[in-house]
Amino acid sequence: MEQNELYPIFLKLHNLNVLIVGGGNVGLEKLSFLLKSSPNANVEVVAPDFHLEIKVLAEKHPSVKLTEKKFKKKMLKKRHMVIACTDKLEVNKKVYDLARKRYLICNIADTPDLCDYYLGGIVTKGNVKIAISTNGKSPTTAKRLREFFEEVIPEDINQMVENLNEYRKTLKGDFEEKVKRMNEITSSLKNKEL
């Protein structure tokens, strides 16, 4: 059986520089996805022209910059990650090849073989965030799982997280002792319905 070997991480996109190449429907989808999870993400979108809704999003998010130009390789300078989503496969492939030469992680929309990462489904309830991946095989399944978790995870879970954080600050002892105590307290969660 094939196994998902992706390693999930949670990026602080407000500390990173993200480039999106493409200003159409897919560019809008990618930008919206990033901003939904990270409203202060540092993103520059580069395209000869932009979908109207991209312009609206950029107006609402001061950390988003729109550059109305064709992609040039110098635009990859001082970037951490890149998303290419133009309607021209040759442009997307060029972005990928240039990004790889600079050791930048890159996602080419709808081209799993040219992706170093995928943008999976995300569930957010306050400080709790769950990322869902289908290994790039079925975004629809990730979407349905996201909807399921959004429904079953209670809205007040964030209060529990905050309370446990405050309690954790009061614990004495070494790291191992603190972990043991927190594990004891939270072990009942796996046996209860959330």
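What pattern does the chain follow when read along the sequence? It runs β-α-β-α-β-β-α-β-β-β-α-α-α. The model in the viewer is a predicted one.

**Whole chain**

Start with the whole chain coloured by secondary structure. There are six helices and seven strands to find. Taken along the principal axes, the C-alpha atoms fill a box of roughly 55 × 45 × 30 Å.

**Helices α1 and α2**

Next select residues 25-37, which form helix α1, and residues 52-60, which form helix α2. Two packed helices are described by the angle between their axes and the distance between those axes. Here the axes come within 9 Å and cross at roughly 25°. Angles under 35 degrees count as roughly parallel, and α1 and α2 are therefore roughly parallel to each other. Their crossing is left-handed.

Now show the side chains where these two helices meet. On α1, select Gly-27, Leu-28, Leu-31, Ser-32 and Leu-35. On α2, select Glu-53, Ile-54 and Leu-57. Sorted by class, this contact has five nonpolar residues, two polar ones and one charged one.

**The largest pocket**

Keep α1 on display and select Phe-33, Tyr-118, Leu-119, Gly-120 and Gly-121. Of the 48 residues that line the largest pocket, these lie nearest its centre. The space in this pocket is about 1,500 Å³.

Which elements give two or more residues to the lining of the largest pocket? They are α1, β5 (105-108), β6 (121-125), β7 (128-132) and α4 (139-152). Select each in turn. With eight residues, α1 gives the most to this lining. By class, the lining has 25 nonpolar, 13 polar and 10 charged residues.

**The second largest pocket**

For the last stop, select Gly-22, Pro-48, Thr-86, Asp-87 and Lys-88. These lie nearest the centre of the second largest pocket, which is lined by 21 residues. Its volume is about 420 Å³.

The lining residues divide into nine nonpolar, six polar and six charged.

Conventions: Residues numbered from 1 in each chain as written. Predicted model: local features only at pLDDT ≥ 70, side-chain atom pairs only at ≥ 80, totals over all residues. Heavy atoms only, no water. Axes fitted to C-alpha atoms, helices over the stretch in contact; angles between N-to-C directions. Helix = DSSP H or I, 4+ residues; strand = E, 2+ residues; numbered from the N terminus. Parallel < 35°, antiparallel > 145°, perpendicular 65-115°, else oblique. Left-handed = near helix turned anticlockwise from the far one by under 90°. Contact = heavy atoms within 4.5 Å. Nonpolar A, V, L, I, M, F, W, Y, C, P; charged D, E, K, R; others polar. 1 Å grid on protein atoms, 1.4 Å probe; cavity = no way out; pocket = protein on both sides within 12 Å on 5 of 7 lines; lining within 4 Å. Points joined across faces, edges and corners; volume = space filled by probe spheres on them.
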